[in-house]
Amino acid sequence: MRSRNGDHPLLHFGCALVLGTTLGADEYLIGYRLITQNATVAQERLHVTPAMQPCQGLLQPPLTLSASDTLSTTLQRHRDAFDAYLRQHFLHVQHLERSVNHTTSSLTTLTFPTACFEVEFKAGFATIALIK
Amino acid sequence: MRYPTLAMTFLAGFALIGCAPTQPQQSEQNATMVLTSAYDRCSGDMQIKPYMIENVETIRGLPNQLTPCHSIRINVVGQGVAPTTTISPAQAFAMAKRAAVADAYRMIAERIAGVHVEGHDFIKNMVVQRSEVRTKVDALIRNATIAETSYKEGLCEVEMEIILSYTSVVL
């Protein structure tokens, strides 16, 4: 059945689903941000989303973790190891400190810009490698 | 054909003798001599060897600059405090460690990239009404490692280390 403008209504959705599952299934976009205020953690966010298109670049040395159900839970469970892996690459540090009449407040933001990772789940392990 | 070849050989020998480095004066510091020997041992492919780092760092009075044979090691200790709303000691430790890592990164960034300082003082009738100082640090840090972590009475201290080498900056 054709729609009014001549396109098949489910064609684009089906194509996107097929391409997404075949091409971008093992590639994820991961970003991290940590905000501390006065030496206390105020906010910490880890963004994980599947990549909708293939990533370009070279594979960096991988990190192997014991896998959980999803990538998010795997990263949460092995947070220290993943932090150390991110630390090998680059982190953006921004620190603002304000002192008014000798009363000081500070705000530090640690950001790992969103980057593409290749993730492979195999035999109970997850292999994560940055594509750069 | 034999005599010109011999003459050229002698000339080259004299030229090499004339280009030989002279002995350093006694007034020069020993540090300079050690640095010169370090440069001689440095390989041509700009690879920084670990023993070179140790040798060069023990020299006193050297300028703190980055050269192909001289690496700079920076050690900082960041401090972090757990929030008051944690539900367990483990969570408190984890949160305090996060804050300490961020503080250590801030200190490294201050050492490497510097601090932007801006101050405003509002004075009225010769009396300071408001004094405000703002500082800002902005940097990209790579390859920093955690050397040691300690947690005591709600305060977490993280010792972080970074080695600045010529190759890591250039490449």
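Which residue of β5(B) is the bridge partner of Q79(B)? It is E157(B).

## Basis of the description

In this predicted model, local features need pLDDT of at least 70 and side-chain atom pairs count only at pLDDT 80 or more, while totals for chains, interfaces and linings use all residues. Residues are numbered from 1 along each chain as its sequence is written, chains are lettered from A and ligands numbered from 1 in the order in which they are written, and side-chain values use heavy atoms, with hydrogens and water left out.

## The sheet of chain B

Chain B contains an open sheet of three strands in the order β1-β5-β4, with antiparallel pairing. β1 (72-81) and β4 (145-152) of chain B each have a single partner strand and stand at the edges, so one side of each is left without a neighbour in the sheet. On average, neighbouring strands of this sheet are turned by 15 degrees against each other, direction ignored. Strands and helices here are DSSP runs, numbered from the N terminus (E, at least two residues, for strands; H or I, at least four, for helices), and two strands pair if DSSP finds at least two bridges between them.

Ten bridges link β1(B) with β5 (residues 155-164) of chain B in the antiparallel sense. Between β4(B) and β5(B), which also run antiparallel, there are seven bridges; T149(B) has V158(B) as its bridge partner in β5(B). β4(B) and β5(B) form a hairpin with two residues between them, and E153(B) in the turn has a positive phi of about 50 degrees. Helix α4 (residues 89-113) of chain B lies across β1, β4 and β5 of that chain, at about 140 degrees to β1(B). Such angles run from 0 to 180 degrees between N-to-C directions, with axes fitted to C-alpha atoms, for helices over the stretch in contact.

## Strands and a helix of chain A

β4(A) and β5(A) pair in the antiparallel sense over nine bridges, and R98(A) stands opposite S105(A) in β5(A). These two strands form a hairpin with two residues between them, where N101(A) in the turn has a positive phi of about 50 degrees.

In helix α3 of chain A, D83(A) and R79(A) lie four residues apart, about one turn of the helix. They form a salt bridge, with the closest N and O atoms 3.9 Å apart. A salt bridge is a side-chain nitrogen of Lys or Arg within 4 Å of a carboxyl oxygen of Asp or Glu. By this rule, the count over all chains comes to ten.

## Where the chains meet

The contact (heavy atoms within 4.5 Å) takes 27 residues from chain A and 33 residues from chain B. Together the two chains bury about 2500 Å², of which 52% is on carbon and sulfur atoms. In chain A, R87(A), V93(A) and H95(A) lose the most area to chain B, together 23% of what that side buries. Buried area is the accessible area (1.4 Å probe) that two parts lose on being put together, summed over both.

Strand pairing also crosses between the chains: eleven bridges join β4(A) to β3 (residues 127-142) of chain B, and the two run antiparallel. V93(A) stands opposite A139(B) in β3(B), and S99(A) has V133(B) as its bridge partner there. Four salt bridges are counted between chain A and chain B; the side chains of R98(B) and D80(A) meet in a salt bridge (3.9 Å, N to O). The elements that give two or more residues to the side of chain A that touches chain B are β1 (27-37), β2 (40-50), α3 (79-88), β4 (90-100) and β5 (103-122) of chain A. The largest share of that side, eleven residues, comes from β4(A).
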